[in-house]
Amino acid sequence: PPRSTLFPYTTLSDLEPEIAALRIVGYYNQLAGFIDVKRLDGSVDENVDSGDKTGGRIALRFEPNENISITPRFVYQKLDTDGFPRIDDFNILANPFTTTQPAVTLGERQQYVQIEEGIDDDFKLADLKMEFGFGKLTLTSVTSYTDRNVVVTRDATSLTGSISWDFGFPQPDIVRLSSRLVDTTDLQAFSQELRLASDASGSLQWLVGAFYQDIDRDYSQFLPTPGWDAATGLANGPQNNAVPDSPFFSGLDYKFQQFALFGEGTYRFNEQWSLTAGLRYYDFKEDRVLNFGGQFADVTRDLPGDTSSDGFSPRAILAFDPTSDVQLTAQVSRGFRLGGINDPLNRPLCSPEDIVVFGNSQTFDDEKVWNYELRSEEHTSELQSQNRIS
């Protein structure tokens with residue numbers, strides 16, 4: 001509409017160029033549950049896997065001039081759930097052959113637990129992206145730091161009860177001792193990436209860079225089972241590297257580092273043909289210190305373990321544009337995933353045959369895979385317009 005002198009408004013063209021922009025986002029999501037729990041007294045709690053997800057992010061983009069762009073950002077999310085989307089077709093706690101209680105019939109999308117379950121996940125991410133223009137070159141730096149704490153609480157009464165049954169403990173109701181499995185994860189991760197790329201028209205476009213990551217992760221499991229020591233008649237104290245009334249304890253300290261150098265270039269022979277070739281050098285190292293204790297574990301103190309790997313991952317893409325609307329590509333690439341460190345065999349729960357077959361494997365190998373791909377892509381302006389509308 002034409003500008004009115006009575007009700008003036010400002011258009012974007014009226015604004016002076018700014019050097020900063022701020023974006024703030026917040027959200028809340030109430031998670032609907034669909035799993036019901038049948039209790040010992042026959043009552044039913046509905047939608048126990050419901051929960052709440054709350055979070056937000058804030059980002060500031062600062063451009064003092066056309067050659068510099070700085071964007072710090074902070075992301076936060078909090079997740080709380082009241083249970084797990086799990087269905088029990090069979091439950092040892094609802095079995096008259098393993099307990100003194102009558103059989104329990106479980107309906108569709110139902111489970112049978114004695115203890116409240118849930119997840120408490122606290123996630124924080126801070127990163128900083130900086131871009132600097134140097135004529136025909138652009139330097140990009142991305143720095144990131146993650147802090148995450150997760151506590152997962154599960155009803156492990158069935159698990160503890162089934163192992164107790166296998167151990168042949170004399171008291172029949174030991175199967176029903178409430179046993180809570182608590183998993184805790186405390187993770188801090190830092191990463192830094194630098195990229196230098198061409199920023200000009202021409203037949204050759206290229207990019208080179210380096211990446212570094214350092215992760216510390218502490219993971220532990222506790223299995224508090226009140227009445228366990230008295231029911232089993234077993235001493236479960238410091239000599240077993242665990243706490244009283246807890247048939248299992250674990251603490252694992254992981255330190256993970258990776259370093260990579262990478263580069264990629266695209267050469268356009270003409271308007272129809274282009275070739276892209278890239279190579280990434282990687283160097284991974286992981287160290288772990290493990291502590292196990294309790295009757296359900298092979299007692300272990302400060303057991304070290306490590307794995308490492310380095311190598312190259314190549315990629316090549318040949319592209320052909322027969323028309324301005326169609327592109328055909330052929331790609332060959334190799335992917336990589338680091339191997340890992342196996343936990344020691346849980347000898348108290350293993351047969352002699354298990355120890356012979358599985359007892360000597362300390363690590364598992366890397367995974368490498370070659371990928372071959374042929375692709376046809378249509379990118380007409382009409383199709384792009386439809387995609388934007390959809």
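Modeller: Let us start with Arg109, whose place is in the loop between strand E5 (68-81) and strand E6 (110-112). Helices (H or I, at least four residues) and strands (E, at least two) are DSSP runs, numbered from the N terminus. This is a predicted model, in which local features need pLDDT of at least 70 and side-chain atom pairs count only at pLDDT 80 or more, while totals for chains, interfaces and linings use all residues. Residues are numbered from 1 along each chain as its sequence is written, and side-chain values use heavy atoms, with hydrogens and water left out.

Biologist: What is the value of phi at Arg109?

Modeller: Phi of Arg109 is near 55°, which is a positive value in a residue other than glycine. Asp245 also has a positive phi, near 55°, and is placed in the loop between helix H2 (228-232) and strand E11 (249-268).

Biologist: Is Asp245 buried or exposed, or partly exposed?

Modeller: The rule is that buried means under 20% relative accessible area, exposed means over 50%, and partly exposed lies in between (1.4 Å probe, protein chains only). Asp245 is partly exposed, because its relative accessible area is 25%, and Arg109, at 39%, counts as partly exposed too.

Biologist: How many salt bridges are there?

Modeller: The general idea is that side chains of opposite charge can pair when their charged atoms come close. A salt bridge is counted where a side-chain nitrogen of Lys or Arg lies within 4 Å of a carboxyl oxygen of Asp or Glu, and by this rule the count comes to 17. In one of them the side chains of Asp120 and Lys78 meet, at 2.5 Å from N to O. Asp120 lies in strand E7 (residues 118-134) and Lys78 in strand E5, so this pair ties together parts that are 42 residues apart in sequence. Asp120 is partly exposed at 30%, and Lys78 is partly exposed at 23%.

Biologist: Which residue forms a salt bridge with Arg148?

Modeller: The partner of Arg148 is Asp121, and their closest N and O atoms are 2.5 Å apart. Because Arg148 lies in strand E8 (residues 137-155) and Asp121 in strand E7, the pair ties together parts that are 27 residues apart in sequence.

Biologist: How should I read a pair of aromatic rings?

Modeller: Such a pair is described by the distance of the centres and the angle of the planes. Rings of Phe, Tyr and Trp (its six-membered ring) pair if their centres lie within 6.5 Å, and planes under 30 degrees apart count as stacked, over 60 as edge-to-face and the rest as tilted. The structure holds 10 aromatic pairs. Among them is the tilted pair of Tyr282 and Phe284, with 5.8 Å from centre to centre and 55° between the planes. Phe284 also forms a tilted pair with Phe336, at 5.3 Å and 35°. This second pair links distant parts of the chain, as Phe284 is in strand E12 (residues 273-293) and Phe336 is in strand E14 (residues 326-337), 52 residues apart. Tyr282 is buried at 2% and Phe284 is buried at 12%, but Phe336 is partly exposed at 21%. Ring pairs link Phe256, Tyr282, Phe284 and Phe336 into a cluster.

Biologist: Which strands does E14 pair with?

Modeller: Two strands are said to pair if DSSP finds at least two bridges between them. E14 is joined by 7 bridges to strand E13 (residues 300-323), which runs antiparallel to it, and Ala319 stands opposite Thr329 in E14. E13 and E14 form a hairpin with 2 residues between them. E14 also pairs with strand E17 (residues 367-378) in the antiparallel sense, over 12 bridges, and in this pairing Gln327 stands opposite Glu377 in E17.

Biologist: Where does the charged end of Arg217 sit?

Modeller: A charge is said to sit over a ring if NZ of Lys or CZ of Arg is within 6 Å of the ring centre and within 35 degrees of the ring normal. The charged end of Arg217 sits over the ring of Tyr254, 4.3 Å from its centre.
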